[in-house]
Amino acid sequence: MNRRKFISKTVLASMASALGMDIVFGSRLPKGLLPLGLSKQDPFELFSKDKDMILLNDRPYNMEARPHQLDDDITPNEYIFVRNNGLIPNEVDVENWTLSIDGESVISPKTYTLSELKTRFTSHSYQLTLECGGNGRSEFDPPPKGNQWSLGAVYCAKWTGVRLKDILEDVGIKSDAVYIGYHAADSHLSGDPTKEAISRGVPISKAMMEETLIAYQMNDQDIPLVHGYPLRLVAGGWPASASGKWLERISVRNIVHDGEKMGGTSYRVPCSPVAPGESVADENMCIIESMPVKSLITYPKTGAMISDKKLSIRGHTWAGENSVIKMEYSIDFGSTWKECDLKKAPNRLAWQRFSAEVEFPQEGYYEVWAKATDSDGVSQPMLVPGWNPKGYLNNACHRIAVKVS
Amino acid sequence: MKSSPKKEFSNQLDLINGLILSIFVVLLLFLGVLGYAIFDPSFSRFSGFFNADSDEKNEFLAEVESEEVVDGIHVETGFIDAPGMVATIQNCTGCHSSSLVIANRMNEERWIETIRWMQETQNLWDLGENEKVIVDYLVTNYPPKKIGRRANLENIEWYELED
């Protein structure tokens with residue numbers, strides 16, 4: 001029982017009963033990092049989330065929005081989905097928080113305090129779309145593993161911070177750099193301090209993009225704790241798991257980063273298409289990069305009953321690294337499509353606003369389907385796209401139900 | 001009758017022989033256990049036994065706090081009350097909540113694959129005989145549903161939209 005040396009047994013026992021579980025590796029939890037579940041607070045209150053968000057899991061915390069909650073151009077915190085892989089750091093010591101840059105491909109490692117980051121580099125703000133790689137997973141058949149996200153694991157917030165590129169140039173990186181990997185302060189679900197919950201990253205080309213930020217603000221305020229306070233890597237347009245929260249360290253690698261959840265089937269899809277339910281060997285799984293073209297109807301909420309035969313619809317569309325060039329809607333299950341009004345993005349990697357005035361020919365049950373086409377000419381499928389073992393990249397058209405009387 | 005000094009001496013010899021013998025036996029036992037530990041340091045072959053009813057059980061197992069069942073559902077965890085539930089709660093709710101387990105619907109092969117993934121990468125222990133109990137419980141009570149390429153919109157909450 002000497003493993004339980006950090007926290008006394010009685011404390012652990014009372015913690016365990018408060019949580020209704022045994023704290024695995026409880027003794028090995030780093031000091032000051034108690035599982036957040038301890039506070040036994042309502043997660044909606046704890047993270048200031050709207051009560052209509054959907055709670056998928058409370059350990060680790062995973063919640064998603066309903067499409068109509070995502071109507072704002074800049075998503076407010078109360079509607080932003082939560083995807084945690086481990087335990088949130090309970091206490092964040094901002095005074096002593098640092099960001100280190102290390103790895104095989106730095107000339108020599110360097111560490112910055114938060115205030116050095118804010119004062120030594122120019123700050124930039126971008127609206128960046130972040131979508132969970134598994135958004136839409138619940139529609140695949142057979143059901144893939146993981147949290148069963150439906151539609152709302154996506155948002156576009158305004159991020160403010162410094163460019164990763166500026167920091168990497170200040171540190172000095174070698175020509176053999178191929179990837180960056182992040183390391184963060186969250187802890188593994190088992191409490192094992194030698195294990196990271198998640199440590200992903202992006203190729204050096206994405207790291208060097210202007211919009212790739214080391215952010216310290218979201219929507220003009222400190223980043224909320226659940227979204228990565230005090231520092232987050234933000235790589236818009238890529239699976240949101242590439243945007244590491246509670247960021248402490250970035251390793252510049254001379255190989256594809258091999259951190260937790262970079263390998264196996266995590267955030268990977270079969271390199272060539274497979275039949276639904278087929279097993280795929282790890283070596284035939286390829287890392288997801290830019291997210292596919294997609295859209296959401298955010299007004300009206302599904303289930304609208306109208307007495308007029310006219311309806312205004314609107315929503316957002318995005319396409320990973322690409323832009324959306326055409327937005328259409330259909331009220332006859334894709335037999336005919338009509339074009340929507342489509343706005344340009346305020347900056348690259350932000351979602352775009354679309355709207356349309358829909359007219360229904362007669363009374364009855366309708367579905368309004370929305371379809372986006374990106375700058376490569378690729379459109380959203382009406383059916384759920386290629387099955388993959390972990391159910392990523394479901395960009396099938398969104399639809400809402402409408403009754404006209 | 002008082003024993004002669006000689007008899008007393010041989011009695012003591014017997015005692016010493018006995019002691020040496022028992023020390024030897026203890027030592028052999030110890031070496032045996034040590035030898036086993038080299039091949040199976042976590043004593044995984046005994047884990048089923050420890051999990052079942054020993055006080056010295058796996059310290060990572062989650063506790064079943066309450067036995068309250070309403071309409072066939074274990075209230076505390078939301079699991080369907082059926083054979084294998086207790087082993088599932090004990091082994092599968094220590095790291096993450098039961099909702100992650102309940103939300104996933106797989107066949108036997110894919111459940112075993114998921115368990116292996118957690119064992120290889122997420123610190124899940126060897127489940128011993130409980131593996132079959134747990135997989136049977138999950139496959140029986142949470143079978144995959146066929147939903148096809150695109151399902152109908154369901155559970156629509158209809159409301160009057162004013163403009």
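Q: How many bridges join strand 17 of chain A to strand 3 of chain B?

A: Pairing of strands is read from the bridges between them. In this predicted model, strand 17 of chain A, residues 304–306, is joined to strand 3 of chain B by 2 bridges, and the two strands run parallel. Within this pairing, Glu160(B) of strand 3 is the residue opposite Met305(A).

Q: How many residues does each chain bring to the contact between chain B and chain A?

A: Chain A contributes 60 residues and chain B contributes 42. Between them the chains bury about 4200 Å², of which 49% is on carbon and sulfur atoms. On the side of chain B, the residues that lose the most area to chain A are Arg149(B), Arg150(B) and Trp158(B), which together account for 19% of what that side buries.

Q: Which residue forms a salt bridge with Glu139(A)?

A: Here one looks for side chains of opposite charge. The partner of Glu139(A) is Arg150(B), with the closest N and O atoms 2.9 Å apart. Between chain B and chain A there are 2 salt bridges, and the count of residue pairs in polar contact, both at pLDDT 80 or more, is 24.

Q: Which helix of chain B gives the most to the side that touches chain A?

A: The interface may also be read by element and by residue class. Helix 4 (98–102), helix 5 (108–121) and strand 3 (159–160) of chain B each supply at least two residues to the side that touches chain A. Helix 5 gives the most, with 5 residues. By class, the residues on this side of chain B comprise 15 charged, 15 nonpolar and 12 polar.

Q: What is the order of helices and strands in chain B?

A: The order is read along the sequence. Chain B has 6 helices and 3 strands, in the pattern α-α-β-β-α-α-α-α-β. Of its 163 residues, 31% are buried. Among contacts in chain B between residues at least 6 apart in sequence, 53% join residues at least 24 apart.

Q: Is Ser199(A) buried or exposed?

A: Burial is judged from relative accessible area, with buried meaning under 20%. Ser199(A) has a relative accessible area of 0%, and therefore counts as buried. This residue lies in the loop between strand 8 (179–184) and strand 9 (201–203) of chain A. A polar atom of the Ser199(A) side chain lies 2.6 Å from the backbone oxygen of Tyr182(A), and the side chains of Ser199(A) and His257(A) are joined by a polar contact of 2.9 Å. Beyond its neighbours within four places in sequence, Ser199(A) has contacts that include His183(A), Gly259(A), Glu260(A) and Met262(A).

Q: Why does Tyr79(A) count as buried?

A: The same cut-off of under 20% applies. Tyr79(A) counts as buried because its relative accessibility is 17%. This tyrosine is found in the loop between strand 2 (61–64) and strand 3 (82–83) of chain A. Leaving aside neighbours within four places in sequence, Tyr79(A) is in contact with residues including Asp50(A), Met53(A), Ala65(A) and Leu70(A).

Q: Which residues are buried in helix 4 of chain A?

A: One reads along the helix and then examines the backbone just after it. In helix 4 of chain A, residues 164–171, the buried residues include Leu164(A), Asp166(A), Ile167(A), Leu168(A) and Val171(A). Just after this helix, Gly172(A) has a positive phi of about 90 degrees.

Notes:
Residues are numbered from 1 along each chain as its sequence is written. Chains are lettered from A and ligands numbered from 1 in the order in which they are written. This is a predicted model: local features need pLDDT of at least 70, side-chain atom pairs count only at pLDDT 80 or more; totals for chains, interfaces and linings use all residues. Side-chain values use heavy atoms; hydrogens and water are left out. Contact means heavy atoms within 4.5 Å. Buried area is the accessible area (1.4 Å probe) that two parts lose on being put together, summed over both. A salt bridge is a side-chain nitrogen of Lys or Arg within 4 Å of a carboxyl oxygen of Asp or Glu. A polar contact is a pair of N or O atoms within 3.5 Å; within protein, one must be able to donate a hydrogen and the other to accept it, and residues adjacent in sequence count only if both atoms are side-chain atoms. Helices (H or I, at least four residues) and strands (E, at least two) are DSSP runs, numbered from the N terminus. Ala, Val, Leu, Ile, Met, Phe, Trp, Tyr, Cys and Pro count as nonpolar, Asp, Glu, Lys and Arg as charged, and the others, Gly among them, as polar. Two strands pair if DSSP finds at least two bridges between them. Buried means under 20% relative accessible area, exposed over 50%, partly exposed in between (1.4 Å probe, protein chains only).
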